[in-house]
Amino acid sequence: MTDQAVAGETGTGREVGRSRLRKEDARLITGQTTWTDNIQVAGMLHLAVLRSPMAHARITRVDVAPALERPGVLAAFSGADLAEGLGSLPCAWPVTEDIVLPDHPPIAVEEVRYAGDPVAVVVARDRYAAADALEAIEVDYDPLPPVLDLEDALAEGAPLVHSDKGTNRCYTWPLATGESFAAVRERAEVTIKRRYHQQRLIPSAMEPRAVVVTPLAASGEYTMYSATQIPHILRIMLATVTGIPEHKLRVIAPDVGGGFGSKLQVYGEEVLALAVARRLGRPVKWTESRSEGHLATHHGRGMIQDIEVAATREGRLLGLKVDLLADMGAYLMLVTPGIPILGAFMYPAIYKMDSYEFTCTGVFTTRTPTDAYRGAGRPEATFAIERIMDELAAELGLDPVELRRRNWIRHEEFPYTTIAGLTYDSGDYEAATAKALALFGYDGLRAEQRERAERGDPVRLGIGVSTFTEMCGLAPSRVLRDLRYGAGGWEAASIRMLPTGKVEVVTGTSPHGQGHETCWSQIAADVLGVPFEDVEVLHGDTRSSPQGMDTYGSRSLAVGGEAVHRAATTVVDKARKVAAHLLEASEQDLEFREGVFSVKGSPEARRSIQEIAFEAFTNHDLPDGVEPSINAEHVVDPENFSFPHGTHLCAVEVDTETGRTWIRSYVCVDDVGHVVNPMIVEGQVHGGLAQGIAQALYEEAVYDDEGNLVSGSMADYLVPSAADLPEFVTDRTETPASSNALGVKGVGEAGTIASTPAVVNAVVDALRPLGVTDVRMPCTPERVWRAVREATA
Amino acid sequence: MTHIKVNVDGTIYEDDVEPRLLLVHYLRDRLGLTGTPIGCDTSNCGACTVDLDGATAKSCSVLAVQADGCAVTTVQGLAKDGEWTPLQRAFHEQHGLQCGYCTPGMIMAARDLLRENPHPTAEEVRGALEGNLCRCTGYQNIVRAVLAAAGQQDGSGTQAQAPSGQQVTEEATA
């Protein structure tokens, strides 16, 4: 792996590109953490939530009085008790003008619409007393029919999730570019149509959600600690929902134990904790149990994908048609409707074609709401196109890598505007693929595969390819406007040069495992020419970091890191003015190198930027117009998305007699542009791969016919362990992004987006000689075994 | 209420507790030892793993009263005088953690493995950590960390003296 340093314009290039060990680790490996559930406040009460045991029912009676008799209970509220004064939970992404936007009370009042919908709360002196008291609450339900199947839900006369809306259709979002698909289908020599199922997934961040609210009654101020990815967005939304003025709300995301999209949300429990703390004037804590989280933390994926591809006999793609049904679940949460739309632009992937037609229909069901889960729309798109490319290769008798090569954008064609309308600024699919094939030993594995198939080995070898790209670095505000997203895509950073020369980097990103404290320190240290150790990164507190768009969509480095870079550059510009005064030279005569200003030609006249910070603090006679501060802030609105890409290759062994599948080798070469910290980038890739592989082989949120979540605990939902995953071989190519000064693209989601189709392609490839053309995810032993049985029957 | 006396990380605590109180809640809510987190309610995730009289236990699956008279070691009791153990150092140097929520349990489970098997293979490490879930790392660097820590132990399995975390060269070498 090349750990090449990248020099910023004013930087020394000593830090960026280095595998700095993480600043975050010391507290995490010694147990000195501040998880939200660790927080104890004097007089704190514990909130517990009673949830609907039914998928769909009318609430006919709620009696919380018996709970009040229980020891240690201070209060109990039904939905009706709390509803007054609370608005609907927000949906910030109404993707079409005529989208159906149902009311979403933070706690159900008249009707429950998924198993897990909150119906009542109790507040008690400790968590055990609160949990006990839930059992005393009496609720009567009048059952209504569940709505579970996406196609049935759209049928005439289907039972309705939201009866006042008259339909389960949330929206239909179309996109059509280039020639009509009907026209290219007409002249195509080959067309292939497939249906793929994106199962529902449970994000499963290791830290369950938790929230602590401390009210200050005298001034009407509230501080909320929450295990959230989005303290800034949460603050605004809480003000909107509860009516508490925004300036009286402080939201803190302390140490947050993973998110993967599941904490990119404004949850009912956050609103309820705030409402109850406000009403009682006491600090309140709510912490979900894992099983409660399976019901009430949003789910991911959940789509039916109909995809059709038209091509020539030589394997040139002519067009692509995609029709999606996307499971919204019972309500629209923060960005629920937009998730499939993030994928809409990615189905054409790295390929050139003449026609693209896409529609997505969002459908309400009586299940836990869906929303962002690592990759958010892009894994689904990548899965469908990369799966059908393998089917097309099989149909044409071409090697799947060769088919991709015949269609991908060549490196000399960048920047390239795809049929979906995105302009990919840079990439080199040839280089990444060549490197991956060599590391994988592709030809040798193909030879072994043939040999084993010929001798009828019951354990088959399969090889899967995925040449993915994604759009990340969310997002250019102009594009978000066109997509009807409710906010911009900017990010803020400020740099405070403390008088003693130490540096505070204040970021609007909100890390929960990514290592921003380390990487932002590297960026700032380089530009300012100060020691890495002299930089502290402040984040996740709306009081210390007042402006931010938070962390999701692999945006933090490409947008937030860029903001840090620009703010630091402005600090240098401002320091130059002070230096010119102190050194009695003109600004033009100053050089800035490794943190030191010196006068050209007289190197003894010098001041470090850290000294200048002190001088700015103490100086009594700065010239007019020179500010006595070298602090700076920047808000960056990205000019384009960034487009990481890579080639992933997976070899699986599939036992055709038992259905057992295991990964023999996994090689990926990712191009995420320049890297700030190669060690952290590699770690992000590993974790992403694990989650993508988990979708391919292990995980599924399963519901029964009544709409009960069967995989309702970690005992039933298979988050893979170390024993379930292989050793990965990872490498990189480096084609810098042109849309930011750092040349970075983002890496948080890449592994997840790329790996799922690589694994399933490998499973199908192993079984294709037996007549198998698809195995539905997750490819469990039972599903693989059944696929083999059906194909060979 | 039941009276218990427990040695936690070298300090002896005496308390009256409800018989149903879980050890992990005793540690976190009563003693304020929040270094041991809770990740699930079915004993699958292992985040709450501690050492109970020389063997690992998931502290969500042990009652506080069962720990009466026992010695409990948590992740907070590992470093001595600010000096990290080889395992803690290896998790740092091998980037064996991201969000860090599973890390206390991982370190405690790995410590138990290395006590039983001072020089495990990568596969043995994966098998031994099967009861500890991590959602961030894909486990690869956790396995590297445990193998690296094993390499720093002497033949008897006792862990060699390590320099303080602060003195470590702050750059990955892998």
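Visitor: What makes up the contact between chain A and chain B?
Guide: In this predicted model, the contact takes 43 residues from chain A and 49 residues from chain B. Two residues count as touching when their C-beta atoms, placed from the backbone, lie within 7 Å.

Visitor: Which elements give two or more residues to the side of chain B that touches chain A?
Guide: They are α2 (86-93), α3 (103-116), α4 (122-128) and α5 (140-151) of chain B. By class, that side holds 22 nonpolar, 20 polar and seven charged residues.

Visitor: Why is α11(A) called roughly perpendicular to α12(A)?
Guide: Look at the crossing angle. Helix α11 (residues 378-396) and helix α12 (residues 400-407) of chain A cross at roughly 105 degrees. Angles from 65 to 115 degrees count as roughly perpendicular. The value falls in that range, so α11(A) is roughly perpendicular to α12(A). Their axes come within 9 Å.

Visitor: Which residues meet where α11(A) and α12(A) touch?
Guide: From α11(A) come Met389(A), Asp390(A), Leu392(A), Ala393(A) and Leu396(A). They meet Pro400(A), Leu403(A) and Arg404(A) in α12(A). The contact has six nonpolar and two charged residues, and no polar ones. Asp and Arg count as charged, so Asp390(A) and Arg404(A) are the charged residues here.

Visitor: What makes β22 and β24 of chain A the edges of their sheet?
Guide: The sheet is open, with three strands in the order β22-β23-β24, and the pairing is antiparallel. β22 (590-593) and β24 (602-608) of chain A each have a single partner strand, so one side of each is left without a neighbour in the sheet. Neighbouring strands are turned by 30 degrees against each other on average, direction ignored.

Visitor: How do you know that β23(A) and β24(A) pair?
Guide: Count the bridges. Pairing needs at least two. Strand β23 (residues 596-599) of chain A and β24(A) have four, so they pair, in the antiparallel sense. In β24(A), Arg607(A) stands opposite Phe597(A).

Visitor: Which helix lies across β22, β23 and β24 of chain A?
Guide: Helix α17 (residues 556-582) of chain A does, running at about 130 degrees to β22(A).

Visitor: How is chain B divided?
Guide: Chain B has domain 1 (2-77) and domain 2 (86-163). Their centres, taken over C-alpha atoms, are 21 Å apart.

Visitor: How many residues of each domain of chain B are in contact with the other domain?
Guide: 14 residues of domain 1 are in contact with eleven residues of domain 2. Strand β3 (residues 49-52) of chain B gives the largest share of the domain 1 side, three residues. That side has six nonpolar, seven polar and one charged residues.

How values were computed:
Residues are numbered from 1 along each chain as its sequence is written. Chains are lettered from A and ligands numbered from 1 in the order in which they are written. This is a predicted model: local features need pLDDT of at least 70, side-chain atom pairs count only at pLDDT 80 or more; totals for chains, interfaces and linings use all residues. Axes are lines fitted to C-alpha atoms, for helices over the stretch in contact, and angles run from 0 to 180 degrees between N-to-C directions. Domain bounds come from an automatic or database domain assignment. Angles under 35 degrees count as roughly parallel, over 145 as roughly antiparallel, 65 to 115 as roughly perpendicular and the rest as oblique.
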